Amino acid sequence: MSALRRKFGDDYQVVTTSSSGSGLQPQGPGQGPQQQQLVPKKKRQRFVDKNGRCNVQHGNLGSETSRYLSDLFTTLVDLKWRWNLFIFILTYTVAWLFMASMWWVIAYTRGDLNKAHVGNYTPCVANVYNFPSAFLFFIETEATIGYGYRYITDKCPEGIILFLFQSILGSIVDAFLIGCMFIKMSQPKKRAETLMFSEHAVISMRDGKLTLMFRVGNLRNSHMVSAQIRCKLLKG
């Protein structure tokens, strides 16, 4: 048995069985011919993975959704990349369509869509004839492109107010989403992929005391400044 363990390691256990009937049944001593076979051990789930991720999940806390929404910025940072990109694209698309609709509504209520080609008529926004042209005007002003073909005139106070609201809303959306993406990119989550831990830990005498020891190796040539290691010990 010790030879089998040395050969196959601790991932297998030796089970003594004997052939009786249609299958192999465990037998006690003195109950017929016996044979030994190796059965893979049932691996227990780790409390903490070797990459540092904790396998404990919290449940039945109550009102979990409201707790996550109360800290929306951190919730977005913790989401996976595919959801971050989806929210990023969706938020900008909805904001752009909403603001373009507002410019189109102003042009429609003032009658600029029908009088845009009249020579002596001054519209709210020059050269806005339909929704696509209103959308292009919003993109040009929001992205500060400014081709000069579409512009706000001084005969439209509601357009000036909407332009101020557009500037404030655009700054808030940019600060929120771009800040979220920047913080997520700066998190070194994949840094643990190049950190190697020893397969086994040992208990040995060190400085006159029994000490639990293991080794950590860095595969990269770059140094880690102010690195901290936290360990969790489970005592049965």
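This tour walks through a predicted model, one selection at a time.

**Stop one: helix α6.** Select residues 131-142, the twelve residues of α6.

**Stop two: the buried face.** Within α6, select Ser133, Ala134, Phe137, Phe138 and Glu140, the buried residues of the helix. Look down the axis: they cover an arc of only 165°, which puts them on the same side of α6. The background is simple: an α-helix has 3.6 residues a turn, so residues three or four places apart point the same way.

**Stop four: past the end of α6.** Select threonine 144, just after the helix. Its phi is positive, about 50°.

**Stop five: the core.** Now show Trp103, Ile106, Cys124, Val125, Val128, Phe137 and Leu162. They belong to the largest nonpolar core, which has 13 residues, and they touch the most other members. At least two residues of this core come from α4, and at least two from α6. The largest share, four residues, is from α4.

**Stop six: the annotated spans.** Select 85-106 and 160-183, which an unreviewed UniProt entry marks as "transmembrane region". Residues 85-106 are 100% helix and 0% strand, with end C-alpha atoms 32 Å apart. Residues 160-183 are likewise 100% helix and 0% strand; here the end C-alpha atoms lie 34 Å apart.

Key:
Residues are numbered from 1 along each chain as its sequence is written. This is a predicted model: local features need pLDDT of at least 70, side-chain atom pairs count only at pLDDT 80 or more; totals for chains, interfaces and linings use all residues. Side-chain values use heavy atoms; hydrogens and water are left out. The expected span of a helix is 1.5 Å times one less than its number of residues. Buried means under 20% relative accessible area, exposed over 50%, partly exposed in between (1.4 Å probe, protein chains only). The arc is that of the directions from the helix axis to the C-beta atoms. UniProt positions are given in the numbering used here, feature names are shortened, and annotations may be inferred rather than shown by experiment. A nonpolar core is a set of buried Ala, Val, Leu, Ile, Met, Phe, Trp, Tyr and Cys residues joined through side-chain atoms within 4.5 Å.
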